[in-house]
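Let's take a walk through this fold, one neighbourhood at a time. Keep the viewer open and follow along.

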Amino acid sequence: MELTYKKINIIGGWMVFLIAASVYFMTLEPTASWWDASERITSAYKMEVPHPPGAPFFILMGRFFTMLAPDPSLAALFMNGMSALAAAFTVMLLFWIITHLAKKFISPGQEPTVPQTFALIGSAFVGAMAFCFSDTQWFIAVEAEAYATSGLFTALVFWAILKWENVADHKHSFAWLILITYLMGLSIGVHLLNLLAIPAIVFVYYFRKYRVTRKGVIYAALVSVILLGAFVYVIIPGVARVASFFELLFVNSFGLPFHSGVLFFIVLLGGLLTWGLMWTHKKKRPVLNSIILGLTMVLIGYSSYAVVVIRAAANPPMNQNAPNNVFRLISYLAREQYGDNPLFFGQYYTAPQVDIREGRMQYIMEDGRYVETTPRAEAEHHPDLTGFFPRMWSNNPGHVREYERWGMVQGREVRVTIDGEPRNVVRPTFTENIRFFLRYQVWHMYGRYFMWNFAGRQNDHQGHGELLNGNWLTGIGFIDALRLGPQDNLPDHIANHPARNTYFALPLLLGLLGVFYHYKKQKNDFVVVMLLFFFTGLAIIIYLNQTPLQPRERDYTYAASFMAFSIWIGMGVLAIIEWLNKKMPLKLSSIVATAVTFLLVPALMAQQNWDDHDRSGRFTARDFAFNYLESTAPNAILFSHGDNDTFPLWYAQEVEGVRTDVRVVNLMLLNAEWYIQQMKQKQNDAPPVPLSLPRRKYVDGTNNLIYIFDRVEDHRNVRDIVDFIADDSPASQVRLADRRMIDFIPTRRFRIRVDADKVIENNTVAPGLRDEIVESIEWEIEENYLIKNQMMVLDFLANNDWERPVYYISPGTEDAIGLQDYFQLEGFAYRLVPIRTPADGFEYGRVNTEVMYENFMHKFDWGRMNEPDVHMDHYNIRTFSILRLRNKFARLANALVEEGDTERALRVLDRAMELMPTDRIPHEFLLLSVAEAYFNAGAPERANEILEDYFDHEAANMDYYLSFPSRLIIHLDIDMRTSMQLMNEIVRMTEAFDQVQLSVPMRERFNFYMDRMMETI
């Protein structure tokens, strides 16, 4: 069989796929992971409704893969495998994209010769493999998030338009364009990122069909923007909005059942599209026929969102935003719960709110009709403090500090009138606004990620502009030293960090060579790739208008942009081949260039990235979710707070069936009416949460804040408070200046009555602790208001009456509403008990030693966190720190010591060090609590080992910091002060426990470093 170029190209693509798939499956996370992946798996396994705007087609795909799992515990692995396959197919398509673009100038219009085939296949192989092993692509390939599948759709539509380009003059070539519109529609149900390929697709069409002119380019650009805008601002929200008009008419005016108006609209829309296609065909209007056909295919693909409404109406356990009707679907699609970011015009962060504008009316389904609740509130800001292209817009105090740091804001004073009074307010200048845009949004939130992928990465710590965290790095000493300080005397934990990946900027250089080479060889195609690169990268930055202090790194958003740059890496190989061809035959130059560039770029990237991208064997997210749930007594209420202490728990319950008797209540979501309604319903084996406030008291827009007017001096029973809020009489409300009546709370002092016999009978308190039970829990709220979720917690406490165990995951936040003195630590969660134990710093409540010892030493699983072949990345380590895991072990040990059980205390501490050795889980302040517990348990030698190691660790850090040049050391002020504070705490501990052999030399070394630090200030 003769191997033609076409066959070789196809085989090459599939070989690339097999390599990529093998790598991704070898490094695949075997179960659920942190962040949204756990939620996605949960959604797919039982077809539940994830957070807005959802991903219904992705969830349908995930459902297919989870159905293949022979056991529920393998469902996550199979869905992670879906991402691995999607990422591998993306790499394969990238290979074919590179060969297509390269063939147009290597062998235009004819079969490539054998040497030319070597050049084409070799360059595409290097480019595709570079992308395969790139930091971001590898990250999204091994977990069940939507980004790998979204990247596949982007590659697929771009590959499809290139396939159309090959046959554009053939009779049925238009089928490729129709396929693209269908894929675009489907991709909406995965992620909107795919739509950003539209400008590149439009220009491929323009360059293929028209003679290039300046006017033509402008028109093509306008068409691109119009099409993109039509998808985002017309089709996606518009279909639902028009359907809502019919729905309201049919249900409220005609008295027909819910959804009848939507069904009529669907039939009407389908009929109009069918008539339009038939009429344009009959009248021979090919352009209009094509537009209608394309729109039809988009809508067919987009129809996957019907799944969201259908499943929401079935009321599954996870039903976020409850989009069970078209009005809620509008809110769901618009991501209204996350608020709006200004784009081209809006407020600066200093702009006060001067009014609230009524937006779209909100409805609830009640008594067979849609009942108006409150219109969506839209803030209006002072016009003198708004402007064009506002990048610094959030008034969050943390964001403001970062705006002023990144934008180097000095501003100028503007005199404005607020509430009738003239005031001087600082307005950032437009220059400062653009400075923040360029320094933070463009460079830090895109350029830095780009360099991670193609130059190298310092570590995987989340970076907010510090010298030591999350920067790009080349591995070329003198270049890195200019930006990041000396690179030749790095402490061991920095030099040997698994995520310290140095490519010596070789992928970047090869890609830049490809940029210039591609521009020189094929300007039109260069423009197309540049459009793909820009719109999937910098254009997203402009659109998102991100605030500082993002909860995690966002590089996964720009994977398609990095794919576009990888095309130019392939072009760079061709540039080298062309140069070598001047000195040797083309076939040999192709082999040499391919081999050398493969070793210097993809192979180097694979070698550097493997250890920190290998998630195989890691079970921490799943096991920690189990541990949270197993920390609770039967039928408990478990109050959680954020994504990582909620999504994995939902996964554990919904997929693996762990502790379905526990009701997980996310306090952030408890601000939403739809979530409160769900809490009133049974879920799996968990009874409804006992809540008594009527719906009108918590419907969206009502009691988002409920003010406290301190009119009653003594403590009032929470039952009385809730009844007061529920009452609509004028005596329980207060009139505002605008004549509106609102609810309020008449005291800041609350009481929960305690029945001692009852709490002992239901095992809330052990019988031996009867004398410690308080007659009532009394506490005081410091703030002048409660937010809605706190109001609902009061409602729950008023109705629970110690029937169901109550647990909190985050004791030190406002979620606890001041109840921390009545907490009892039993594992990963704190139980509310009627025993008062004043907080000691960050240590809240008492410790139930018997329950906690059983949990920590026998019941809990630890996700293989201490296995040397399992990588613990930054987010795992940060979770351990947020959980204060080392401190929890220390608290248990100290409590055992107080009970006289030093033997078990030492076992607990040894287990802590076994699970979290400092060569695996970094040194942190909480480690000192373990050392102190060792002292308390009578094991000073083990405590001294920890303290010596920790002191040496910080001394090595100080040696490194003090080697920085003066222009950089000023940026290490916080780092140096932190190290010195830790060293001082270590010395003080050795002194407190009379460890003279350590304390004296440590104090001398501490003084030495203190003197040197003071010299630099």
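Start with a pair of strands: β11, spanning residues 705–708, runs parallel to β14, residues 741–745, and the two are joined over 2 bridges. Keep in mind that what you're looking at is a predicted model. If you want a landmark for this pairing, look for Ile708, which sits opposite Ile745 of β14.

Now zoom out to the whole sheet. It is an open one built from 4 strands, and reading across it you get β13-β14-β11-β17, with mixed pairing. The edges belong to β13 (733–735) and β17 (785–787); each has a single partner strand, so one side of each has no neighbour in the sheet. On average, neighbouring strands here are turned by 45° against each other, if you ignore direction. As a reminder, strands in a sheet pair through backbone hydrogen bonds, in either a parallel or an antiparallel way.

Which helices go with this sheet? One is α28 (residues 718–726), which packs on the sheet and touches β11 and β14. The direction of α28 makes about 175° with that of β14. Another is α30, residues 788–800, lying across β11 and β17 and running at about 90° to β17.

Next, hop over to strand β19 (residues 823–825), where you'll find Gln824. Is Gln824 buried or exposed? Its relative accessibility is 3%, and the cut-off for buried is under 20%, so Gln824 counts as buried. Leaving aside residues up to four places away in sequence, Gln824 touches Ala829, Tyr830, Arg831, Val833, Arg846 and Asn848. With Arg846, the side chain of Gln824 makes a polar contact of 2.5 Å. The side chain of Glu826 also joins that of Gln824 in a polar contact, this one at 2.6 Å. For a sense of scale, Lys7 is 817 residues from Gln824 in sequence and 68 Å from it in space, C-alpha to C-alpha.

Helix α20 (residues 523–535) has 13 residues and reaches 18 Å from its first C-alpha to its last, close to the 18 Å expected at 1.5 Å a residue. The buried residues of α20 are Asp525, Phe526, Val528, Val529, Leu531, Leu532, Phe533 and Phe535.

Not counting residues up to four places away in sequence, Ser331 touches Asn321, Glu336 and Arg360.

Notes
Residues are numbered from 1 along each chain as its sequence is written. This is a predicted model: local features need pLDDT of at least 70, side-chain atom pairs count only at pLDDT 80 or more; totals for chains, interfaces and linings use all residues. Side-chain values use heavy atoms; hydrogens and water are left out. Two strands pair if DSSP finds at least two bridges between them. Axes are lines fitted to C-alpha atoms, for helices over the stretch in contact, and angles run from 0 to 180 degrees between N-to-C directions. Contact means heavy atoms within 4.5 Å. Buried means under 20% relative accessible area, exposed over 50%, partly exposed in between (1.4 Å probe, protein chains only). A polar contact is a pair of N or O atoms within 3.5 Å; within protein, one must be able to donate a hydrogen and the other to accept it, and residues adjacent in sequence count only if both atoms are side-chain atoms. The expected span of a helix is 1.5 Å times one less than its number of residues.
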